[in-house]
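Trainee: I would like to learn how to read the aromatic rings and the ligand surroundings of a model such as this one. Could we go through it together, step by step?

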Amino acid sequence: MSIIEVKRLNKIYKNNKGKETHALSNINISIKPSEFISIIGPSGCGKSTLLQIVAGLEEKTSGELNWNSEEGEIGYVFQDATLLPWKNVWDNAKFPLEMRKKDTIENLEKLERLLDFSGLADFKHAFPKELSGGMKQRVSIVRALSYDPDILLMDEPFGALDAMTRDKMNLELLRVWQETNKTVLFITHSISEAVFLSDRVIIMSPRPGRIQKVLDINLPRPRHIELKDTSLFIEYVKELRGLLQYE
Ligand SMILES: Nc1ncnc2c1ncn2[C@@H]1O[C@H](COP(=O)(O)OP(=O)(O)O)[C@@H](O)[C@H]1O
Ligand SMILES: [Mg+2]
């Protein structure tokens, strides 16, 4: 049983002068509950468009999108952090909990731990304009995790982070994912990040975005950072790099 099913999906953008951009062509994906799937492909191949269509934030041109989940709440992390400029870090982070009337003491304590873990302990009262790009992105990740959504859609969430923080966030994401049985659809530019995190990696070809190949990653879990030094991991990285087409 799949939780999200995409069939023969096409997306053509039209601008107001009638110019068309064929962003996605014949996309077929079936996502099982609790799967961790990454999408990788060259810039402009339609990755963000696909995620937005899955989330219902963008309309498809043709094809099917089926959600086989009743209450399945979505957490969405955008490519650029989308914080409210007039709220400080703490108020931005707790906003989704407030909206859902889930701002219980227990959840707020959990939120505080997530912020501390993400290196934001000293910045709870800072405003977005006082933060670096990576810090803002960490706030939006914490915000998406705070209300424990069943499905996490993440658009290059760690792109702006330095290598060490990125490794740390990768491990934290895997821990949360494993602990809470989330389904994750994760866009990345990083070959090694895709291999490290995923059960399956979807490789997309240049525009119009098509699925070129789906690679199963049969590496043991739970995964630790040392996995990256093993020959099996390096083999997967090589295979994935070989499959990617550069424009
Ligand atoms: N709102 C939009 N209107 C028109 N064209 C768009 C829009 N969003 C994206 N595109 C175009 O669709 C293609 C795919 O974009 P996108 O999904 O952002 O790719 P990716 O995330 O893989 O870099 C690109 O050519 C982009 O210029
Ligand atoms: Mg994108």
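Trainee: Which residue lies over the face of Phe196, and at what distance from the ring centre?

Mentor: Bear in mind that this is a predicted model. A charge is taken to sit over a ring if the Lys NZ or Arg CZ is within 6 Å of the ring centre and within 35 degrees of the ring normal. Here Lys228 lies over the face of Phe196, 5.0 Å from the ring centre, and Arg100 lies over the face of Tyr147 at 3.7 Å.

Trainee: With which ring does Phe196 form an aromatic pair?

Mentor: Planes over 60 degrees apart count as edge-to-face, and Phe196 forms such an edge-to-face pair with Phe233, at 6.4 Å centre to centre and with 70° between the planes. Phe196 belongs to helix α6 and Phe233 to helix α7, so the pair ties together parts that are 37 residues apart in sequence. Phe196 is buried at 0% relative accessible area, and Phe233 is buried at 3%.

Trainee: Turning to the ligand, which element gives the most residues to the shell around ligand 1?

Mentor: Helix α1 gives the most, with 3 residues, and the shell as a whole has 4 nonpolar, 6 polar and 2 charged residues. For polar contacts, one looks for N or O atoms within 3.5 Å of each other: an oxygen atom of ligand 1 is 2.7 Å from a polar backbone atom of Gly44, while a polar side-chain atom of Tyr13 lies 3.4 Å from a nitrogen atom of the ligand. The protein covers 64% of the 560 Å² of accessible area that ligand 1 has on its own.

Key. Residues are numbered from 1 along each chain as its sequence is written. Chains are lettered from A and ligands numbered from 1 in the order in which they are written. This is a predicted model: local features need pLDDT of at least 70, side-chain atom pairs count only at pLDDT 80 or more; totals for chains, interfaces and linings use all residues. Side-chain values use heavy atoms; hydrogens and water are left out. A polar contact is a pair of N or O atoms within 3.5 Å; within protein, one must be able to donate a hydrogen and the other to accept it, and residues adjacent in sequence count only if both atoms are side-chain atoms. Accessible areas come from the Shrake-Rupley method with a 1.4 Å probe; for residues, only the protein chains shown count as cover. Helices (H or I, at least four residues) and strands (E, at least two) are DSSP runs, numbered from the N terminus. Ala, Val, Leu, Ile, Met, Phe, Trp, Tyr, Cys and Pro count as nonpolar, Asp, Glu, Lys and Arg as charged, and the others, Gly among them, as polar. Rings of Phe, Tyr and Trp (its six-membered ring) pair if their centres lie within 6.5 Å; planes under 30 degrees apart count as stacked, over 60 as edge-to-face and the rest as tilted. Buried means under 20% relative accessible area, exposed over 50%, partly exposed in between (1.4 Å probe, protein chains only).
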